Amino acid sequence: VIDVPIALIPLAKYCASLGHKANHTTNPNAEYQAVFHPRFGGIKCVRMLRDCSEGEEITVDYGYDGTHGYPPWWRERQS
């Protein structure tokens with residue numbers, strides 16, 4: 001699960017990876033993969049699982065399983 005601090009959400013503040021910009025689905029076209037960034041150390045990147053079309057939304061399965069709790073927006077969506 002990626003939990004980006006609010007201060008780092010704007011791309012002007014953090015752009016080593018765009019992994020935090022991928023949207024959630026249970027039928028993803030991409031997945032998170034751990035990589036080492038020379039400045040930021042261990043980060044998650046997004047690896048496509050298949051070719052995608054121009055303009056297609058990049059989606060990943062966030063992996064919410066309840067182990068670390070759920071963010072408020074997720075709980076509201078499941079209600």
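These questions and answers go through a predicted model of one protein.

Colleague: What pattern does the protein follow, read along the sequence?
Modeller: The model contains 1 helix and 4 strands. Taken in sequence order, these elements give the pattern β-β-β-β-α.

Colleague: Which element has the lowest confidence, and which the highest?
Modeller: Across the protein the mean pLDDT is 80, and 85% of the residues score at least 70. Strand β4, residues 59-60, has the highest confidence, with a mean of 92. The lowest, at a mean of 73, is in helix α1, residues 72-78.

Colleague: How many bridges join strand β2 to strand β3?
Modeller: Strands β2 and β3 form a hairpin, with 3 residues between them. Strand β2 covers residues 30-37 and strand β3 residues 41-48, and the two run antiparallel. Within this pairing, V35 stands opposite I43. The number of bridges joining the two strands is 8.

Colleague: Is R47 buried, partly exposed or exposed?
Modeller: The relative accessible area of R47 is 36%. Buried requires under 20% and exposed over 50%. R47 therefore counts as partly exposed.

Colleague: How far apart in space are A30 and M48, C-alpha to C-alpha?
Modeller: A30 is found in strand β2. Beyond residues up to four places away in sequence, A30 touches several residues, including V46, R47, M48 and L49. A30 and M48 are 18 residues apart in sequence, but in space their C-alpha atoms are separated by 4.1 Å.

Colleague: Why does A30 count as buried?
Modeller: The cut-off for buried is under 20% relative accessible area. Among the residues that A30 touches are I58, T59 and V60. A30 is buried because its relative accessible area is 1%.

Colleague: What is the relative accessible area of T59?
Modeller: T59 is found in strand β4. Leaving aside neighbours within four places in sequence, T59 is in contact with N23, T25, N27, P28, N29 and A30. T59 is buried, and its relative accessible area is 9%.

Colleague: Which residues make up the largest nonpolar core?
Modeller: In soluble globular proteins, nonpolar side chains tend to be buried together. W74, one of the core residues, is in contact with H24 and Y64 once neighbours within four places in sequence are set aside. The core has 6 residues: A22, A30, V60, Y62, Y64 and W74.

Colleague: How much of the protein counts as buried?
Modeller: The accessible surface comes to about 6,000 Å², and carbon and sulfur atoms account for 53% of it. Among contacts between residues at least 6 apart in sequence, 48% join residues at least 24 apart. Of the 79 residues, the share that counts as buried is 22%.

Conventions:
Residues are numbered from 1 along each chain as its sequence is written. Side-chain values use heavy atoms; hydrogens and water are left out. A nonpolar core is a set of buried Ala, Val, Leu, Ile, Met, Phe, Trp, Tyr and Cys residues joined through side-chain atoms within 4.5 Å. Buried means under 20% relative accessible area, exposed over 50%, partly exposed in between (1.4 Å probe, protein chains only). Contact means heavy atoms within 4.5 Å. pLDDT is the predictor's confidence in each residue, from 0 to 100. Accessible areas come from the Shrake-Rupley method with a 1.4 Å probe; for residues, only the protein chains shown count as cover. Two strands pair if DSSP finds at least two bridges between them.
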